[in-house]
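Here is a short briefing on a protein–DNA model.

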2 protein chains.
Amino acid sequence: MPDLEAKAIELKKTLDVITSHFQWINSASASGELSLQELKIVNCIGQRESCIMREVSEHLQVAVSTMTGIIDKLEDKGLVRRERNDEDRRIVRVILTGKGRKVHQSNVENYMELSRRMLQSLNESEQDVYLEITRKIARSAAQYIESNSGNQ
Amino acid sequence: MPDLEAKAIELKKTLDVITSHFQWINSASASGELSLQELKIVNCIGQRESCIMREVSEHLQVAVSTMTGIIDKLEDKGLVRRERNDEDRRIVRVILTGKGRKVHQSNVENYMELSRRMLQSLNESEQDVYLEITRKIARSAAQYIESNSGNQ
DNA sequence: GTGAATAGTTCGAAAGTCGAACCATTAGGA
DNA sequence: TCCTAATGGTTCGACTTTCGAACTATTCAC
């Protein structure tokens, strides 16, 4: 398989193009009252209904102490609220407020529009094949990272 | 096409997984003497052999005045050097040094390893189909962003 | 119970970012 | 040919973001 190398290069490049478009969506959604980082946090929480601080900080690859400050600000802006867990009173759950959900939803809608456009450039069977293969690829990427994240 | 919506959701999610792995590669490569931003700059220059300041700043979506500082630091670390253009003496080209090229190469190699792994989870015809479709999708995403970037 | 581990917060220092003012150079007319 | 406008970078000061270390509160484990 001599051209695996060439394919790998192209794959990386093309995925770069796609993700840069998703990033563009993010910066467009964030423009105005939210910073990009704040938007990412709203998304992270929105995807999971609620999050504990450590989860958000891991997802964003940021120190927990940094999170405290950002969540403070998001609380001031009325997008999230903190809630102490009653079972384990060390834990703080961060939850989107109505306003926060609205911001998240509108960002998701922007994403969705892009995703739809991308899929619409394919016929139905191509869509299915593409999703199936993408799933496979994501799995094998996860395995690779998993097996390497020990000796970072 | 009632389930285009469901497919779009899955597509977005799966692409997220993949890109988060690529991001992980970046932070792993940067760990130590380089910040993530600095690594991105090295990559940006490495991809093009050389860059003028404005190009890098546009690519990283950062003010040119910010670039000056980062490039200063990269110069101190011996990864890049500045070179005035003789034709147009306003222009500064930023070029990777040998050390800078090494850093870039090692990062590229990390990317490639992940790309290869992902492709290896597919048989040869799947690889070709996947690349073909990904290309299509990237094109249509570019069109969509293009047509929307005016009224941001 | 006591000591270790875990979840968050606070605090000060360091790094990163921006816009405005600036210098140097080039381009484009009267 | 000047004179002005535009372009490419840098410098500077203010502001924001980020981090790690020290700390509090709570839970776990023996």
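**Sheet pairing in chain A**

Ser50(A) has Ile95(A) as its bridge partner in β3(A). The model is predicted. Three bridges join β1(A) to β3 (residues 92-96) of chain A, and the two strands run antiparallel.

**Sheet**
- The open sheet of chain A has three strands, in the order β1-β3-β2, with antiparallel pairing.
- β1 (50-52) and β2 (80-84) of chain A are the edge strands; each has a single partner strand, so one side of each lacks a neighbour in the sheet.
- On average, neighbouring strands of this sheet are turned by 30° against each other, direction ignored.

**Helices across the sheet**
- Helix α2 (residues 36-48) of chain A lies across β1, β2 and β3 of chain A. The angle of α2(A) to β1(A) is about 115°.
- α3(A) lies across β1 and β3 of chain A. The angle of α3(A) to β1(A) is about 90°.

**Contact between chains A and B**
- In chain A, 42 residues are in contact with 43 residues of chain B.
- On the chain A side, α1 (4-30), α5 (98-120) and α6 (124-148) each supply at least two residues.
- α6(A) gives the most to that side, with 16 residues.
- By class, the chain A side has 24 nonpolar, ten polar and eight charged residues.

**Surface near DNA strand C**
- There are 22 residues around DNA strand C. Those that come nearest are Ile52(A), Met53(A), Ser65(A), Ser35(B) and Ser65(B).
- Two or more residues each come from α3 (53-60) and α4 of chain A, and from α4 of chain B.
- α4(B) provides the largest share of this surface, five residues.

**Surface near DNA strand D**
- There are 21 residues around DNA strand D. Ala63(A), Ser65(A), Ile52(B), Met53(B) and Ser65(B) come nearest.
- α4 (64-76) of chain A supplies at least two residues, as do α3 (53-60) and α4 (64-76) of chain B.
- The largest share of this surface comes from α4(A), with four residues.

Notes
Residues are numbered from 1 along each chain as its sequence is written. Chains are lettered from A and ligands numbered from 1 in the order in which they are written. This is a predicted model: local features need pLDDT of at least 70, side-chain atom pairs count only at pLDDT 80 or more; totals for chains, interfaces and linings use all residues. A residue is near a molecule or strand if its C-beta atom, placed from the backbone, lies within 6 Å of it. Two strands pair if DSSP finds at least two bridges between them. Axes are lines fitted to C-alpha atoms, for helices over the stretch in contact, and angles run from 0 to 180 degrees between N-to-C directions. Two residues are in contact if their C-beta atoms, placed from the backbone, lie within 7 Å. Ala, Val, Leu, Ile, Met, Phe, Trp, Tyr, Cys and Pro count as nonpolar, Asp, Glu, Lys and Arg as charged, and the others, Gly among them, as polar.
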